[in-house]
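Thanks, everyone, for making time this morning. I would like to walk through one model with you, so please have a look at the sequence and the structure before I go on.

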Amino acid sequence: MTVTDATITGLAVHHLRLPVKSVRSHGIGDVSSTVDVVYAAVVTSDGIVGWGEASPWPLFTGTAEANAAALDRYLRPAVTGQRLCKLPGIMQACERTLVGHFEA
């Protein structure tokens, strides 16, 4: 089986709260204590696992909880069972499925 023959068999979504060791100052405010992040792992039929980050900047684009839920509920069904060789079509389906959640 080649990579192009592989199909997506699963999507694992991980929402983590990571500690911040020192305050990070940004133009819109400070980040301290913890930061919420979302990681997704796409699993294929040939055992390849691809990781991606879907972490928003809450002041502008929503929350990590919303991104994790969007990945789990809406994008998982859109990608599961799709063949990797159809990647442009998979991305178009994701854009149609989840409008306005660019991080997810």
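Which residues does V35 touch, if we leave out those up to four places away in sequence? This is a predicted model, so please hear everything that follows with that in mind. In the model, V35 touches L16, R17, L18 and V20, again not counting residues up to four places away in sequence. V35 itself is found in strand 4, which covers residues 34-44, and with a relative accessible area of 32% V35 is partly exposed. The C-alpha atom of V35 is separated by 10 Å from that of P56, and these two residues are 21 residues apart along the chain.

Turning to the sheet, three strands form an open arrangement in the order 1-4-5, with antiparallel pairing. Strand 1 (8-19) and strand 5 (49-53) each have a single partner strand and stand at the edges, so one side of each is left without a neighbour in the sheet. From one strand to the next, the twist averages 20 degrees. Strand 1 and strand 4 pair over 11 bridges, and A12 stands opposite A41 in strand 4.

Helix 2 lies across strand 1 and strand 4, running at about 175 degrees to strand 1. The axes of helix 2 (residues 64-79) and helix 3 (residues 87-97) come within 10 Å and cross at roughly 150 degrees; because angles over 145 degrees count as roughly antiparallel, that is how these two helices are described. At their contact, Y74, L75, A78 and V79 in helix 2 meet I90, C94 and T97 in helix 3, and by class this contact has six nonpolar residues, one polar and no charged ones.

Conventions:
Residues are numbered from 1 along each chain as its sequence is written. This is a predicted model: local features need pLDDT of at least 70, side-chain atom pairs count only at pLDDT 80 or more; totals for chains, interfaces and linings use all residues. Side-chain values use heavy atoms; hydrogens and water are left out. Axes are lines fitted to C-alpha atoms, for helices over the stretch in contact, and angles run from 0 to 180 degrees between N-to-C directions. Helices (H or I, at least four residues) and strands (E, at least two) are DSSP runs, numbered from the N terminus. Angles under 35 degrees count as roughly parallel, over 145 as roughly antiparallel, 65 to 115 as roughly perpendicular and the rest as oblique. Contact means heavy atoms within 4.5 Å. Ala, Val, Leu, Ile, Met, Phe, Trp, Tyr, Cys and Pro count as nonpolar, Asp, Glu, Lys and Arg as charged, and the others, Gly among them, as polar. Buried means under 20% relative accessible area, exposed over 50%, partly exposed in between (1.4 Å probe, protein chains only). Two strands pair if DSSP finds at least two bridges between them.
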